[in-house]
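Here is a briefing on one structure. Look at the model first, then read the points by topic.

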Amino acid sequence: MRPALFLDRDGTINHDPGYLGDPDAVRLYDGVADALAELQRDRDLPIFIVSNQSGVARGLFGREDVDAVNRRVEEALAERGVEVAKFFYCPHHPEFGEDCDCRKPKTGFARKAAEQFDVDLRQSYMVGDSECDRLFGENAGMTTIMVRTGNGAERLKILEKEGNLPSFVADNLADACLYVQRELKS
Ligand SMILES: [Mg+2]
């Protein structure tokens, strides 16, 4: 059993224009790919990208568009030496009567990844920019990290008032990678 890194996609790895369905609109945040590559270089650390893509349920784009965006993100990361073990996304939304176990903060995908890749969730990390990411990580027993990119800065203000902060707050995903690296060493 080994630790893994779970990442939200939009607002964490790449800029979030809202309902991203066009691969040509994918723009990674600066420094993210290199930081992930550095983290992965000397460790057997699978990376999973888990996102809620309710744009599918809303009819804004199709599953093939989500796949195309994911492929673009995968390619952009691979160019810098980062290997993504698997992309997971939930196309559902409860508003449309779709009850699923895969929409974050539900932990369906965390359990699936753990089973398929021999991952210990208790030793793993979840990084995201929203409350559902933090809860997903917490519900799955992971260490939770929130970034200030995407919706993070705004959400963190609210969470701070409520006393619902994650294990660690990072300026961005590169900063979060440094934290994970330190934690894994200790
Ligand atoms: Mg996000």
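The model is predicted. The points below cover the metal site, the pocket, the aromatic rings, the strands and the backbone.

**Magnesium site**

- Three residues donate to the magnesium ion: Asp8 (OD), Asp10 (O) and Asp129 (OD). These protein donors lie 2.1 to 2.2 Å from the ion.
- Along the chain, the donors follow the spacing D-x1-D-x118-D.
- Asp10 and Asp129 link distant parts of the chain, 119 residues apart. Asp10 sits in the loop between β1 (5–7) and α1 (32–41). Asp129 sits in the loop between β4 (125–128) and α4 (131–139).
- Asp10 has 11% relative accessibility, so it counts as buried. Asp129 has 3%, so it counts as buried too. The cut-off for buried is under 20%.

**Largest pocket**

- The volume of the largest pocket is about 470 Å³.
- The lining has 20 residues. Closest to the pocket centre are Asp10, Asp16, Asn52, Ser54 and Asn151.
- By class, the lining holds nine charged, eight polar and three nonpolar residues.

**Aromatic rings**

- The whole structure contains six aromatic pairs.
- Phe6 and Phe48 make a tilted pair, with 5.0 Å centre to centre and 35° between the planes. This pair links distant parts of the chain: Phe6 is in strand β1 and Phe48 in strand β2, 42 residues apart.
- Phe6 is buried, at a relative accessible area of 0%. Phe48 is buried as well, at 0% relative accessibility.
- Why is the pair of Phe6 and Phe136 edge-to-face? The ring centres are 6.4 Å apart and the planes of Phe6 and Phe136 stand at 65°, and planes over 60 degrees apart count as edge-to-face.
- Phe6 in strand β1 and Phe136 in helix α4 are 130 residues apart, so this pair also links distant parts of the chain. Both Phe6 and Phe136 are buried.
- Ring pairs join Phe6, Phe48, Phe88, Phe109, Phe117 and Phe136 into a cluster.

**Strands β1 and β2**

- β1 and β2 run parallel, joined by three bridges. Leu5 has Ile47 in β2 as its bridge partner.
- Six of the six residues of β2 are buried, so β2 is largely enclosed by the rest of the structure.
- Which residues of β2 point one way, and which the other? Ile47, Ile49 and Ser51 point one way, while Phe48, Val50 and Asn52 point the other way. All of them are buried.

**Backbone points to check**

- Most residues other than glycine have a negative phi, and most peptide bonds are trans.
- The peptide bond from Lys104 to Pro105 is cis, with omega near 15°. Pro105 lies in the loop between β3 (86–90) and α3 (108–117).
- Tyr19 has a positive phi, near 45°. Tyr19 is in the loop between β1 and α1, and is partly exposed at a relative accessible area of 45%.
- Asp118 also has a positive phi, near 55°. Asp118 belongs to the loop between α3 and β4, and is partly exposed with a relative accessible area of 44%.

Terms used: Residues numbered from 1 in each chain as written. Predicted model: local features only at pLDDT ≥ 70, side-chain atom pairs only at ≥ 80, totals over all residues. Heavy atoms only, no water. Donors = N, O, S within 2.8 Å, 3.2 Å for Na, K, Ca; no water. Helix = DSSP H or I, 4+ residues; strand = E, 2+ residues; numbered from the N terminus. Buried < 20%, exposed > 50% of the residue type's maximum accessible area, 1.4 Å probe, protein only. 1 Å grid on protein atoms, 1.4 Å probe; cavity = no way out; pocket = protein on both sides within 12 Å on 5 of 7 lines; lining within 4 Å. Points joined across faces, edges and corners; volume = space filled by probe spheres on them. Nonpolar A, V, L, I, M, F, W, Y, C, P; charged D, E, K, R; others polar. Phe/Tyr/Trp six-rings, centres within 6.5 Å; stacked < 30°, edge-to-face > 60°. Pairing = 2+ DSSP bridges.
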